[in-house]
Amino acid sequence: MAGVELHGIRKTFGDVVAVDNVDLEIHDGENLAVLGPSGSGKSTLLRIIAGLETEDAGEVRFGGVSQKGVPPHLRDSAIVFQHFALYPHLSSLENITLGLRHGIGLGKKEAEERARDIAERMQVQHLLSRKPGQMSGGQRQRIALARALARRSSIVLLDEPLSGLDAQLHAVLRLEIAQLLRSVGATGINVTHDQLDAMAMADRIAVINHGRIEQLGTPDELYETPATLFVASFIGTPPMNLLPVTDAGESSFGAFAPRTGVTYGVRAEDLALVGEPLADDWSLSGVVGLVEPAGRDRVVQMTTAHGDAVAFRCGPAETPAPGQRVTVAARPEAVHVYDTASGGRLGNARTVDLGIGVAA
Ligand SMILES: Nc1ncnc2c1ncn2[C@@H]1O[C@H](COP(=O)(O)OP(=O)(O)O)[C@@H](O)[C@H]1O
Ligand SMILES: [Mg+2]
């Protein structure tokens with residue numbers, strides 16, 4: 001078993017900086033998700049860990065041992081790709097054992113034993129005799145995963161292995177994978193653009209943007225205190241409302257908190273409809289637009305006089321009608337304060353000096 005350390009990893013393709021000075025330490029047995037939008041460098045980073053791509057600078061270590069110059073098949077890692085390829089003319093059993101026999105040189109008997117063992121753990125024994133054409137997308141993906149896990153590598157690398165599957169299967173498989181990785185004690189690195197996948201599967205999440213890690217933390221830490229405007233806008237459904245203050249000290253909060261150069265962030269679930277806000281509440285007024293059912297709640301969109309679109313949640317009984325003018329308020333602790341230029345978090349509206357009470 002082994003943890004993974006990344007030290008100053010950098011990779012460029014021509015003018016494109018795909019991975020920009022990434023430092024990460026993934027503990028032995030941990031499930032880490034690397035979460036970011038398309039093109040943010042996730043696959044490149046994973047391929048560098050697997051040895052399929054060579055870093056321009058920096059070093060990858062497995063269990064403290066540098067992997068410089070170690071080819072992919074000699075690394076203690078297995079990778080599952082987004083577009084996995086099973087051999088169409090081979091059964092699942094043959095697809096799984098092929099990698100074990102040619103990849104790590106096991107004999108036929110031992111390879112089959114391992115294949116049956118992992119198939120049992122994944123409850124896909126009944127699929128072992130089928131060829132890919134005789135299975136659904138989800139079943140094929142389970143077999144592709146079984147093939148990777150049968151190697152019994154200490155480190156399992158997953159490159160969006162669930163994209164392309166329908167939402168329901170997606171939700172089932174991501175939990176299965178997370179459980180399976182825990183049960184075999186593997187260190188898992190799962191790259192995804194899907195925050196729900198990351199939240200459901202990972203012990204910790206590294207949010208990546210333009211090849212840089214913007215924040216590393218538990219799902220709760222990322223949700224509760226996003227370290228940057230990017231993370232704030234990327235995590236949460238709907239994303240956090242971000243309300244910049246103009247150079248004149250105006251924002252959707254009016255001239256109430258006129259500190260220039262900051263952006264206020266408040267989540268839909270931290271805003272509540274109010275008649276008369278409490279003295280130190282942060283309130284926003286606007287005109288209701290779309291109302292979206294969200295399970296037990298409604299997500300209501302409104303537009304403030306300042307021109308920001310703001311989403312808030314409310315119960316079905318109190319849902320206002322489109323066109324209605326409403327006021328919502330949050331506690332100051334729930335109002336995040338970001339530096340607009342750098343995107344970094346300064347604190348919340350209780351802890352940061354915002355010049356409240358000073359005329360703009
Ligand atoms: N082999 C390559 N040649 C040129 N550019 C590449 C290559 N691989 C990736 N890139 C570029 O590097 C950036 C990161 O790509 P990638 O790691 O695939 O992102 P992600 O997996 O997050 O979508 C993108 O701008 C992509 O176009
Ligand atoms: Mg990718």
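These legends walk through a few close-up views of a predicted model. Local features are described only at pLDDT of at least 70 and side-chain atom pairs only at pLDDT 80 or more, while totals for chains, interfaces and linings use all residues. Residues are numbered from 1 along each chain as its sequence is written, chains are lettered from A and ligands numbered from 1 in the order in which they are written, and side-chain values use heavy atoms, with hydrogens and water left out.

**View 1. The whole chain, to get your bearings.** The protein chain has eight helices and 19 strands; helices (H or I, at least four residues) and strands (E, at least two) are DSSP runs, numbered from the N terminus. Its C-alpha trace spans about 80 × 45 × 35 Å along the principal axes. Of the 360 residues, 48% are buried; that word stands for under 20% relative accessible area, with exposed over 50% and partly exposed in between (1.4 Å probe, protein chains only). Look at contacts (heavy atoms within 4.5 Å) with a separation of 6 or more, and 63% of them link residues 24 or more positions apart.

**View 2. Strand 8 and its two parallel partners.** Strand 8 covers residues 187–192, and six of its six residues are buried. Thr 187, Ile 189 and Val 191 point one way, while Gly 188, Asn 190 and Thr 192 point the other way. Strand 3 (residues 31–35) runs parallel to strand 8 and is joined to it by five bridges; for two strands to count as paired, DSSP has to find at least two bridges between them. In this pairing, Leu 35 sits opposite Thr 192. Strand 7 (residues 155–159) also pairs with strand 8 in the parallel sense, over five bridges, and here Asp 159 faces Val 191.

**View 3. From strand 7 to strand 8 by way of helix 5.** Strand 7, helix 5 (residues 167–184) and strand 8 form a right-handed β-α-β unit. Right-handed says that, with the strands pointing away from the viewer, the path from the first strand over the helix to the second runs clockwise. In the loop between strand 7 and helix 5 you'll find Glu 160. Its phi is near 45°, a positive value in a residue other than glycine. Glu 160 counts as buried because its relative accessibility is 12%.

View 4. Helix 1 takes in residues 42–50, and seven of its nine residues are buried. Among them are Lys 42, Leu 45, Ile 48 and Ala 50.

**View 5. Gln 67, tucked into a loop.** Gln 67 is in the loop between strand 5 (65–66) and strand 6 (77–80). Its relative accessible area is 8%, so Gln 67 is buried. Leaving out residues up to four places away in sequence, Gln 67 touches Val 60, Arg 61, Phe 62 and Arg 75.

**View 6. Two loops with backbone angles to look for.** Most residues other than glycine have a negative phi, and most peptide bonds are trans. His 210 isn't a glycine, yet its phi is positive, about 50°. His 210 lies in the loop between strand 9 (204–209) and strand 10 (212–217), and counts as exposed because its relative accessible area is 61%. Pro 238 lies between helix 8 (229–234) and strand 11 (241–244).
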